[in-house]
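Please look over the sequence and the structure shown below.

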Amino acid sequence: RSDEFRQFREKYFARIARNERREARENSDPAAEMRAKLENAEKLQKWMVAANKVVFKKGLDEAGKIAGLVTLGFTEGRARQILTPDSCNRIGFAAYQLQNNNANIKRMRERVVVLDAKAAATTTETERADGIRIVQNADADRLQIFFPSKPEVETIGKLKKNAFKWSPSNGCWQRQLTRNAIHAMRQIVPS
């Protein structure tokens, strides 16, 4: 009985944690979070570039470079570590670190644009003469197809082949709202 209680207790607390994560996700603003990450990455890029300028400045001895790095906000220990060659005999921030951070900055800028577009999107609903209702649900980020009755086996096969899933809770076929989803919907349910 104690094992049953322990299992029940573990499942109970796991369920509570899962619900808290879900609520935090629902209450968060992904665009604002991405903007904050982007801002931090841009600051880091400027910081690394400024540090490399100090490290590779001609005419400065090691003490001068350490002093320059300390004025940028590094600790003296971290400044010495930056000036110590790594396994490939590189000092300062390696080129790959700057390139990776720049690539991440570019990716985050593109993601912010996508998130802003999703936030600005509105739900649209189209009812066709044959009773099929197509909903571009921006709130749920889903393309939903409501049929008046169960579709033919061939149509169900096309839906499944194009990543549409039956949603019993919504009573429709749906998939994530993307341009590919809209294109697939037009192929399955032509106008």
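Is Arg109 buried, exposed or partly exposed? At 45% relative accessibility, Arg109 counts as partly exposed; here buried means under 20% relative accessible area, exposed over 50%, and partly exposed in between, with a 1.4 Å probe and protein chains only. The model is predicted, so local features need pLDDT of at least 70 and side-chain atom pairs count only at pLDDT 80 or more, while totals for chains, interfaces and linings use all residues. Residues are numbered from 1 along each chain as its sequence is written, and side-chain values use heavy atoms, with hydrogens and water left out.

Arg109 forms a salt bridge with Glu42, in which the closest N and O atoms are 2.7 Å apart. A salt bridge is a side-chain nitrogen of Lys or Arg within 4 Å of a carboxyl oxygen of Asp or Glu. This pair links distant parts of the chain: Arg109 belongs to helix α5 (residues 95-120) and Glu42 to helix α2, and they are 67 residues apart. Helices (H or I, at least four residues) and strands (E, at least two) are DSSP runs, numbered from the N terminus. Glu42 is partly exposed, with a relative accessible area of 25%.

Helix α2 (residues 30-55) also holds both Lys43 and Glu39, which are four residues apart and thus separated by about one helical turn. Their side chains meet in a salt bridge, at 3.5 Å from N to O. Lys43 is exposed, with a relative accessible area of 52%, whereas Glu39 is partly exposed at 43%.

A further salt bridge joins the side chains of Arg90 and Asp86, at 3.0 Å from N to O. Both residues are partly exposed: the relative accessible area of Arg90 is 33%, and Asp86 stands at 32%. Elsewhere, salt bridges that share partners connect Asp3, Arg6 and Glu10 in one network. The count of salt bridges in the model comes to 11.

Next come the surface patches. A patch is made of residues with over 30% relative accessible area and no salt bridge; like charges are joined within 9 Å, and nonpolar side chains (Val, Leu, Ile, Met, Phe, Trp, Tyr) within 5 Å. Lys11, Arg15, Arg18, Arg21 and Arg22 gather in a surface patch of positive charge. The place of a charge is taken as NZ of Lys, CZ of Arg, CG of Asp or CD of Glu. Arg21 is located in helix α1 (residues 2-27).

A nonpolar patch on the surface consists of Phe5, Phe8, Tyr12, Phe13 and Ile16, which together have about 520 Å² of accessible area. Such areas come from the Shrake-Rupley method with a 1.4 Å probe, and for residues only the protein chains shown count as cover. Phe5 lies in helix α1 and counts as exposed, at 54% relative accessibility.

Now turn to the strands. Strand β3 (residues 142-146) is mostly covered, with four of its five residues buried. Strand β2 (residues 133-137) runs antiparallel to β3 and is joined to it by five bridges; two strands pair if DSSP finds at least two bridges between them. Ile134 has Ile145 in β3 as its bridge partner. β3 also pairs with strand β5 (residues 172-176), in the antiparallel sense and over four bridges. There, Gln144 stands opposite Gln174 in β5. In a regular strand the side chains alternate between the two faces of the sheet.

The hairpin of β2 and β3 has four residues between the strands. What is the phi of Asp141, in the loop between β2 and β3? Its phi is positive, about 60 degrees, although Asp141 is not a glycine. Most residues other than glycine have a negative phi. At 17% relative accessibility, Asp141 counts as buried.

Asn89 also has a positive phi, near 65 degrees. Asn89 sits in the loop between α4 (76-83) and α5, and counts as exposed at 62% relative accessibility.

Thr122 lies in the loop between α5 and β1 (124-127). Thr122 is exposed, with a relative accessible area of 59%. Thr122 and Asp139 are 17 residues apart in sequence, and their C-alpha atoms are 7.7 Å apart in space.

Terms used: Lys and Arg count as positive and Asp and Glu as negative; His and the chain ends are not counted.
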